[in-house]
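Please look over the assembly shown below before reading on. The paragraphs that follow go from the contacts between chains to two places inside single chains.

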Amino acid sequence: MNRIQEKMRSGHKLLSIYFTAGYPKLEDTVPVIEALDEAGVDMIEIGLPFSDPLADGPTIQASSTAALKNGMHTELLFRQLKGIREKTDIPLIIMGYFNPVLQYGVEAFCKKCREVGIDGLILPDLPLDVYQEEYEPLFKANGLLNVFLITPQTPNERIRKIDEGSDGFIYMVSSASTTGARDGFGPEQRAYFERIHSMGLKNPQIVGFGISNADTFAQATTHAHGAIIGSAFIKMLTEDGKTGIAPFIRSIRKSP
Amino acid sequence: MNRIQEKMRSGHKLLSIYFTAGYPKLEDTVPVIEALDEAGVDMIEIGLPFSDPLADGPTIQASSTAALKNGMHTELLFRQLKGIREKTDIPLIIMGYFNPVLQYGVEAFCKKCREVGIDGLILPDLPLDVYQEEYEPLFKANGLLNVFLITPQTPNERIRKIDEGSDGFIYMVSSASTTGARDGFGPEQRAYFERIHSMGLKNPQIVGFGISNADTFAQATTHAHGAIIGSAFIKMLTEDGKTGIAPFIRSIRKSP
Amino acid sequence: GYYGEFGGAFIPEMLYPNTEELRQNYLRIMGEPDFQEEFRQLLRDYVGRPTPLYFAKRLSEKFKARIYLKREDLCHTGAHKVNNTIGQILMAKKLGKSRIIAETGAGQHGVATATVCALMGMECIVYMGEVDIARQAPNVARMKMLGAEVRPARSGSRTLKDATNEAIRDWINNPVNTHYIIGSVVGPHPYPDMVARFQAVISEEIKWQLKEKEGKEDPDYVVACVGGGSNAAGTYYHYLDNEQVGIIAVEAAGKGVDSGESAATSALGKVGIIHGSKTLLMQTGDGQITEPYSISAGLDYPGVGPMHAHLYKSGRADFIAITDDEAMAAGLMVSQLEGIIPAIETSHAFAIFDHRTFKPDDIIVINLSGRGDKDLQTYIDYFKL
Amino acid sequence: GYYGEFGGAFIPEMLYPNTEELRQNYLRIMGEPDFQEEFRQLLRDYVGRPTPLYFAKRLSEKFKARIYLKREDLCHTGAHKVNNTIGQILMAKKLGKSRIIAETGAGQHGVATATVCALMGMECIVYMGEVDIARQAPNVARMKMLGAEVRPARSGSRTLKDATNEAIRDWINNPVNTHYIIGSVVGPHPYPDMVARFQAVISEEIKWQLKEKEGKEDPDYVVACVGGGSNAAGTYYHYLDNEQVGIIAVEAAGKGVDSGESAATSALGKVGIIHGSKTLLMQTGDGQITEPYSISAGLDYPGVGPMHAHLYKSGRADFIAITDDEAMAAGLMVSQLEGIIPAIETSHAFAIFDHRTFKPDDIIVINLSGRGDKDLQTYIDYFKL
C-alpha cells in the first residue's frame, strides 16, 4: 500500500503543505521537507518549478521564477531528494506542469520518482484521458498515484469518472480560481463542499486553493478529509524563512 | 498715349527694374522709385506683395513676406504713391497677384491706379480670357495697359492671341522657371529668343526672369526691346541697401 | 471649368501649356475603354473596391435613423485619397509623363501618391511644409519607404498651402516631363472636375449598394467632411442633380467659428483666388491668404473646392461647422459604438447629430473617408489615453 | 483534436468546463445558418471581404513567376486577425457570454478583439505583457479608444506568452460568463481547429478568385509567414489535402537560426506542451519555455500551432527560416515595387525568393497578412528613414 493511501486512512483531518523546490534557496528543498515533517504535517507537495505556471497565482509564480533563477531543474531535484526516505516516511508528492516531465521523459521521470521515494504526482495539465490512454501503466508500475483536480464547475458525471480513475485522493479546488486567489469561503463554496460530500465518492477529497489559516482549514475540512496550503505557506516562507515553519503549522493546527 | 507705349518707341534697349513695395523698409517704396529714376532705368515694376506668390522664386518670396510683415498693404501702397507723378515721369507698372486686386475691388483698384499715375499692370494669374471677358473695359477706361506673359512653352497660336490682346508690351519669360531661377542663357533660350523675334509681333517684347548682370542683359536684349531685372536687384537691395542702386544700374548698363 | 461663379484657371502663363494639355485630353483619355479597364481593375484588385456600405446598427439605434457608413477607411493606404492618385497616375502615363509631383499636408495624399508611383515605377517628389514634416513623421517615413523624395516647403507658414505653392513652382520649372497630382478638388480647371470624376466611384457604389440593402438608390442624406473637398465631391457626385437627396457638408470650426482659430471656410471665407481657382477663401481684408486652424491636419486648408463653394452659395448643401471638441468626442463615440476609429477629419462628420434632427426612417450615408491610425497620437494626447 | 501527434487539450481541470462547452458546441453553432449569415455579412460589410487577390506585376517580373498577393492587409484593423475575432465574438454571443478576454503581443489581435467587442457592446479585457505595452503604445491607445481595458502581464518575460498565461488565469477565475478569444491557431482543442475554420475564408476566396484570373483554382504554391500560424492556416486550409499545391511556411530566424536569438520554432523546437496544446516548442533541455526573438513582434511566439507542427513533421509543408535583415530588405522591396508596405511578419514571406527557385509559369499566392503601419517605427529605425 502506498504511503498516501495509508495516510488517507487516518482518522484526523489531514494537513498537506505545498512548497516550491529550490525556494527560497536552491538547497532549501530537503531542509523544508524535514522541518515540515518535524512540525507534524501529514503530506507534502513538492513543487517542480515551471517557467509558465498558468494555474498558479502570483505567489507561487514568483517562487517558481525564483527557484528557476536559483538553478533548480528536474535532475537536480531528484539529486536533492536522493536519500530522503532515510530521513522521513511522510507521503511526498511532486506537483508540477507536464512539459518538464515530458522533456525528462515520462518513463524516466516515473522511475526516478520511485528511486527517491515519491508517492504520487499532481500534474494539473495532464488530462485524465491522456493519462489513461498513455501513461497509467507507467505510473502504476512505479507505484505512483496520480492525483486529479475537480472544481465547482466540474460536472457530476465527470467527477464520477475522475473518482473512478483515481486511487489516492481527489484534489478538490475550492473555487474557480488560480492558487492563492481567495480569502475565506462563502456560501457558494460551502454548498459545493456539501454537494461533493453527498456524492459519496470512493476517493477521499483534499481541498486546495484559498486555505491560509486555522479558520479556512477548519471550513475546508468540515466534510473533506484534509486540505492543502500552498500560497500562504510560501508567503510565510518568503517573509520568515525556515524558522517560521513550526509556528505556522501550529497556528493552522490550533482549534479555531 | 500711355507712358509705357511712349517708352517702347525709344531706340535703345530698355532696362526695367522690379522691386517689392515696402521693402526693405515699409517707407522705402518711393525712395527706391526715385533712386531708380535717377540711376536712369527706363521702367519700374512695383511689386504688390502677396502671401502666396506662386510664380516667384525664393528671393522675391522673401521680400514679399518681409514687406507684408513691415505692414505693406494695397491701400497703403496707393497712399505712398500719391504724388509720385510730381516727382517722376518714368513708366510705372504694378505687378502682383490677382487676389489682392480682387479684394480691393477691380474697379476701385483701376481707378486708384489712374489717380496716382500708374501706367500698367502685370497680374500673372489673371488669364487672358478672363481679362478680356470681364475687365478689359475697366482697364482701358483707366488708361491702364495690361501686360501678358509668354514662355518657351507657349504655342505660337497663343502668342498671336496674346499679341492681339496686348497694347503695351509682351513680358517674355526667358525660360520655364519661377523668378530668379536660372543663371545665364543657353542655346535653348537663344533659339527661343530668335523664334519669337522672327514672329514679327506687333507688341515689343521685354524679357524677364534670369537677368542678373550686364552679360545676361545683353543676351536677353539681342532681339528683344528690353529686359526686366527682379531677383538680382532685390538681392542687391537686401545686401547693399538703397545706396547700392546707382552702382548696380551702372553695372548693367556698361557694355559687356 | 466653372461651378456657378467658382472655378476657372487663374494661373500664370507658365502653367498654361501644362494645364491646357490636361484640359484638352483628360475627358478623352478617361473615356477610353483601356483607361477605364485599367482604372477599374486597379480600384478592385489594388485599392480593394468596392468598399463596403456598412449599416451601423448601434449608431442607428443611438440616433434613431438608418445610418450607413461608406467604408473608404478600408481603401489601400487608409483613405479615399488613393482613388484619385490611381486615376491620375494612369492619366500621367497616357500623357507620356515620367515624373510626378504632389503636395501634402497631413501626408495622406503624399502617401497615396508615393504608393501609385511605386506601383508604376515613376519618379515621385512630394512637397510638404516643414512644420508638417515635423508633426507627421510616420507619413514622411511611409513616403520614403515607398521610394518617394519628400521636399520641405520652407516658405510662408510652412504648411499645406505653402507645399502647394512649392509644387506649383516645381511644375513651372518642369513643364514638359512632369505631371502634378493634386490631391483634392482644388486648383485650376480641369483639376476639380477631374478629381471629382475619379472620386465619383464612391457615390456610384453607394447607389447600387443601397439599392441592394434598402431597395432604392437614393438615401435621404449624404454626409461628408470638407477640407479641400475630394471625399465630399465623390460622395455627392451622383446625387448632385437629385434634389430629393439632402447634401450635408461638414467643416472644421476648430476652436469655434469666431475664435480666430478655425477652418470653416464657408462661414469665414470670401470669394478669392487660391492655387489657380476662384472659390471661397479665408483671407485678410487685403486679400492675403490666412492660415486656418483645425485639430485635423486634413481640414485646415484655407480654401475649399469650387464645387463646394457653389454648393454653399446656391444653398444646395447644408454646411455645418464642427469644433475640435465635438469632433474628438464623435470620434471616440464611433470607436466605442462601432469598433471603427475614424480619421479626425471624418470624425467631424459624425458630430452632426447634435446639430440636426432626423426622422427614424431617414437613410443617412456618411462617408467614413479615412481611418484614424494616422491620428492616434492626437487622440492619445487629447483623451490622455 | 489532434493533427498527427500534435494538438489535444493539455489543460488544468479548472478549464475543463470552459473548453468542453466550446468543444461540444462550436461545430454545431458554426453550422447554423443564422450564424453563417451574420458571420458572412460582417466579413463583407464590416471587415471588407472579399479581400482582393492582386496580381503583383512588378514582383512577378522581378522574380520571373506569376505572383499573386492575397490582400489581408486591407481588412478592417489592418490584418487577417479580425476574421477570427468576428467569428469568435459571434460564438461567444451564441454561448451566452457577456465578457471577453484576450491576449496580445504586438497588439494586433488585441485591437481586433477590442474592435469586435465595441461592435457588439461587450466588456473586453486584453492582457498584454508589460514590455509589449511599452513598445507598442499606439496599439494600446487603439484598444483604449475602442473601450477595452488593457491589463499588464507582469510575470515571466512580460511578453506574449505571459499575457497568454494571464488570460488563461483570468479564464480560470471567470469560468461562467467569460469567453477567451485566442488570437491564433494555438491553445487547447478546439481553438486551433476553430480559429483555422474562421480563417479558412482566406483560401476559400483564393480558390474562386484564382479561378477568375487564371482559369483554375489551384496555384502551384501558397506562401505564408508563421508565428502562431493563423494567417498561414487560413491560406493553406482548402489546399491541405491537395498535394499538387505546394505549401511554404516562413518562420522568423531573427538574427540567424543558430544565433540564440531566433523564433524559428520548426528548426529549434522540440515536442512540448504550451498553452494547453502539444506542439513544437522552443524550450530548454529541462522543459522550461524559452523566450524567442524576432524583429517582428508577431512572430516571436515560442510555439507554433499544432497544425503547423504536423505540416512540418509530415513534410507536407516546406519551412523556410528568414532573418531579420532578409525580412526588412524584402519589406522595402515590396514597398518600392508594389506600393504596399507590409507588416514585418508578412515581409518574411517575401524573402523566400533567395531561398527557392520557381518556374516562370508557377503561380505563387503569398498571403499579405497585414499592413506595415504598425511597424513604421521599426522600419524607420532600421533604415534610418
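Two residues are taken to be in contact when heavy atoms of theirs lie within 4.5 Å. The model is a predicted one, and the distances and areas given here are computed from it. With that cut-off in hand, the contact between chain C and chain D takes 43 residues from chain C and 43 residues from chain D. Of the three pairs of chains in contact, it is chains C and D that share the most contacts.

The size of an interface is often given as the accessible area lost when the parts come together.

Six salt bridges are counted between chain C and chain D, and one salt bridge joins the side chains of R142(C) and D373(D), at 3.7 Å from N to O. The count of residue pairs in polar contact between these two chains, both residues being at pLDDT 80 or more, is 16. The elements of chain C that each supply at least two residues of the side touching chain D are α2 (33–47), β3 (53–55), α5 (108–120), α7 (137–145), α14 (324–338) and α16 (376–383). The most is given by α14(C), with six residues. Sorted by class, the side of chain C that touches chain D holds 23 nonpolar, nine polar and eleven charged residues.

The same surface serves both copies, since 100% of the contact residues of chain C recur in chain D.

Chain C also meets chain B. Here 37 residues of chain B are in contact with 33 residues of chain C, and the two chains bury about 2700 Å² between them, 54% of it on carbon and sulfur atoms. Of the area that chain B buries against chain C, 23% is supplied by D52(B), L54(B) and Q103(B), more than by any other three residues.

Two salt bridges are counted between chain B and chain C; a salt bridge links E13(C) with R158(B), whose closest N and O atoms are 2.5 Å apart. Between chain B and chain C, 18 residue pairs are in polar contact, both residues being at pLDDT 80 or more. On the side of chain B that touches chain C, at least two residues each come from α3 (58–70), α5 (98–104), α7 (128–141), β6 (148–150) and α8 (156–165) of chain B, and α5(B) provides the largest share, five residues. The residues on that side of chain B divide into 21 nonpolar, eleven polar and five charged.

No contact joins chain A and chain B, whose closest C-alpha atoms lie 64 Å apart, and none joins chain A and chain C, whose closest C-alpha atoms lie 27 Å apart.

Within chain B, helix α11 (residues 231–240) has S231(B), A232(B), F233(B), I234(B), M236(B) and L237(B) buried. Against the buried residues of α11(B) pack β1 (14–20), α2 (29–39), α3, β9 (226–229) and α12 (245–253) of chain B. Just after α11(B), G241(B) takes a positive phi of about 75°.

The last stop is in chain A, where N2(A) lies in the segment before α1 (3–8). Is N2(A) buried or exposed? With a relative accessible area of 12%, N2(A) is buried, because the cut-off for that term is under 20%. Leaving aside neighbours within four places in sequence, N2(A) is in contact with D119(A), G143(A) and L145(A). A polar atom of the side chain of N2(A) lies 3.1 Å from the backbone oxygen of G143(A).

Terms used
Residues numbered from 1 in each chain as written. Chains lettered and ligands numbered in written order. Predicted model: local features only at pLDDT ≥ 70, side-chain atom pairs only at ≥ 80, totals over all residues. Heavy atoms only, no water. Salt bridge = Lys/Arg side-chain N within 4 Å of Asp/Glu carboxyl O. Polar contact = N/O pair within 3.5 Å; in protein donor to acceptor, adjacent residues only side chain to side chain. Helix = DSSP H or I, 4+ residues; strand = E, 2+ residues; numbered from the N terminus. Nonpolar A, V, L, I, M, F, W, Y, C, P; charged D, E, K, R; others polar. Buried area = accessible area lost by both parts, 1.4 Å probe. Buried < 20%, exposed > 50% of the residue type's maximum accessible area, 1.4 Å probe, protein only.
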